[in-house]
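Take a moment to look over the structure shown here.

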Amino acid sequence: MMTITKKLSGLTTLSLGSLLALWQAPVMAAEFCSDRYYIDVRLPNHARWDMCWEHRSREGIVLHKIHYTPKDGTRRMVLNEATIAQIHVPYDDNGSRYHDVTDYGLGGRYMSELSPRECPHGKLLKFGGKRVICQQLEDRDDTYSYNGEHLQGNAFSLFSVSQIGAYNYIPTWRFMDDGSIEPAMGATGALQRYGDSDISEHGWLVSANKVGIAHLHNFFWKLDFDLDGSGRNDFVEELNFTQSDGRTVREITRYEQETASNVNPQTLRRWRVVDGTATNNRGKPISYEIRLHQSNQKDTGPTTEPFTQHDLYVTRYRRCELFASHNPSNGGCKDNVAAFVDGETITQEDIIVWPSTTFYHMPRAEDAPQMDAHWSSISITPRDWHDEQPVSNDLETHDVEIDTVDTTDIVNTTDTNTDIVDTVDPDEDNINTTDTIDTINTSDILNTANIIRRLGNGGGGSFPKESILLLLLLLAKRKFRHAITNTKISLKAGD
Ligand SMILES: [Cu+2]
């Protein structure tokens, strides 16, 4: 999809004289997919994420070729593919044991059409004419708050909604300005199964003689890490921390073969996917760390559900290994992720990580007739990907780059009333020229300056620098309008 964002984000980085050339330049096609399925987001503080997306009937929204570019840093691939691999929902009365992704599916007719109201200040992405993804910019936690300096962190998120039975699932991916990724799953809607009071020990009485049957939601993700773009030189480590006599000692075990592992609160266990070649400027291998920080509830199901025995699996890539359970086993493929772990070496092989987390849902009276969203998530954070804290507001060490702020950012963060861009006009896939004429107005420029001030020195402001920026932007605005007027026809043709 050709978005105005790409053009405008570059607008203020160019000299005013080259403005016209910029506007007429063709938009560079996405590297791995058509523009329509390409997402390219630059966060207000310079970090950039770009990726492709795909709709599948079972997995729903699948993300591909996920690249992260730190502020002033190198664009590198993190994940070749990221997807939901199963939602397994066994009920306490053993009356149902759902495998929602394979038995039903997150995509196709189960995927809901999103309304603009569900995506405030965001952008709706369409599949086959249906609005299926909401893309939003959002604040995250503080990047830091230290010695009187404060920097608000930001992120962008993608979510879709799938209705399966009475449940609405909300698969969500959050991409942070510091390179962190948070895959999350929300579940709302209504309780799926009730019984009468003779099975009350399997649930909770939510109204007269009506028991909401308790159940587990086991969420599985499938993460194909290809750090720095190469799939075959990544390896996986398990990190444990053993406490003894007041000291804690780190132990690192590198997986040589396919492995199933568990959360271990006693050893503070986490895992790390490490690139075999690329290092940061300090010579440390770049890596991403995986923590299952919500796995304080665990399902250990019957022997017919061996995939519940472990919390995280590491396997060698096989084309037919798609789902954590109920995997299509025709053609000799195994049925579930526990069976995928069959002793194969993972050295110099493309590695897949299958993290999971469990939510035990014991119904409450408050869950009927509708229930609130309950959320489960896992944590994927960079370790030695950077040389230091990658998000900085120090404009003295980084050139004053006005391109931090593009119009999308402005709309999403400070100027929600403007009718710019499809961020607030979800019915349109593409921007038309009428939209663009409005894109920069004086209030936006003022907002831009505000954002620069915030980025520049935590709100204190440095008047002369901003005055220059403001002047440049005002000049840019005049030139820009002129450029648009002159190139309206060529833009339409190129669109
Ligand atoms: Cu539930």
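## A walk through the model

β8 covers residues 149–159 and pairs with β7 in the antiparallel sense, over ten bridges. Strands of a sheet pair through backbone hydrogen bonds, and they do this either parallel or antiparallel.

β7, made of residues 130–146, also runs antiparallel to β6, residues 123–127, with five bridges joining the two. One of the pairs you can look for here is phenylalanine 127 with its bridge partner in β7, lysine 130.

Now look at the turns. The hairpin of β6 and β7 has two residues between its strands, and glycine 128 there takes a positive phi near 55°. The hairpin of β7 and β8 also has two residues between the strands, and in this hairpin asparagine 147 has a positive phi near 50°.

Leucine 268 belongs to the loop between β18 (259–261) and β19 (270–279). Glutamine 348 sits in the loop between α4 (337–340) and β22. Are these residues buried or exposed? Leucine 268 is partly exposed, because it has 15 other C-beta atoms within 10 Å. Glutamine 348 has 12 C-beta neighbours inside 10 Å, so this residue counts as exposed.

| Residue | Phi |
|---|---|
| Glycine 128 | near 55° |
| Asparagine 147 | near 50° |

Another backbone feature to find is the cis peptide bond between alanine 368 and proline 369, where omega is about 0°. Proline 369 lies in the loop that links β22 (351–361) and β23 (371–377).

Tyrosine 194 faces glycine 212 of β14.

Stepping back, the protein has eight helices and 24 strands. Of its 495 residues, 40% count as buried. The largest nonpolar core holds 86 residues, and those touching the most other members are Val78, Ile133, Tyr169, Phe225, Val353 and Trp354. Strand β4 (residues 76–90) gives the largest share of this core, eight residues. What does tyrosine 169 contact, apart from its neighbours within four places in sequence? Its partners are Ile87, Leu106, Ser162, Ile164, Met185 and Ala187. Across the protein, 64% of the contacts between residues at least 6 apart in sequence join residues at least 24 apart.

Finally, how far can you trust what you see? The average pLDDT is 80, and 74% of the residues score at least 70. Over residues 1–27, though, the pLDDT is below 50, and this stretch has 55 contacts in the model beyond near neighbours in sequence. Residues 395–468 also stay under 50, with 133 contacts beyond four places in sequence. Where pLDDT is low, the predicted coordinates should not be read in detail.

Methods
Residues are numbered from 1 along each chain as its sequence is written. This is a predicted model: local features need pLDDT of at least 70, side-chain atom pairs count only at pLDDT 80 or more; totals for chains, interfaces and linings use all residues. Two strands pair if DSSP finds at least two bridges between them. Helices (H or I, at least four residues) and strands (E, at least two) are DSSP runs, numbered from the N terminus. A residue is buried if 20 or more other C-beta atoms lie within 10 Å of its own, exposed if 12 or fewer, and partly exposed in between; C-beta atoms are placed from the backbone. Two residues are in contact if their C-beta atoms, placed from the backbone, lie within 7 Å. A nonpolar core is a set of buried Ala, Val, Leu, Ile, Met, Phe, Trp, Tyr and Cys residues joined through C-beta atoms within 7 Å. pLDDT is the predictor's confidence in each residue, from 0 to 100.
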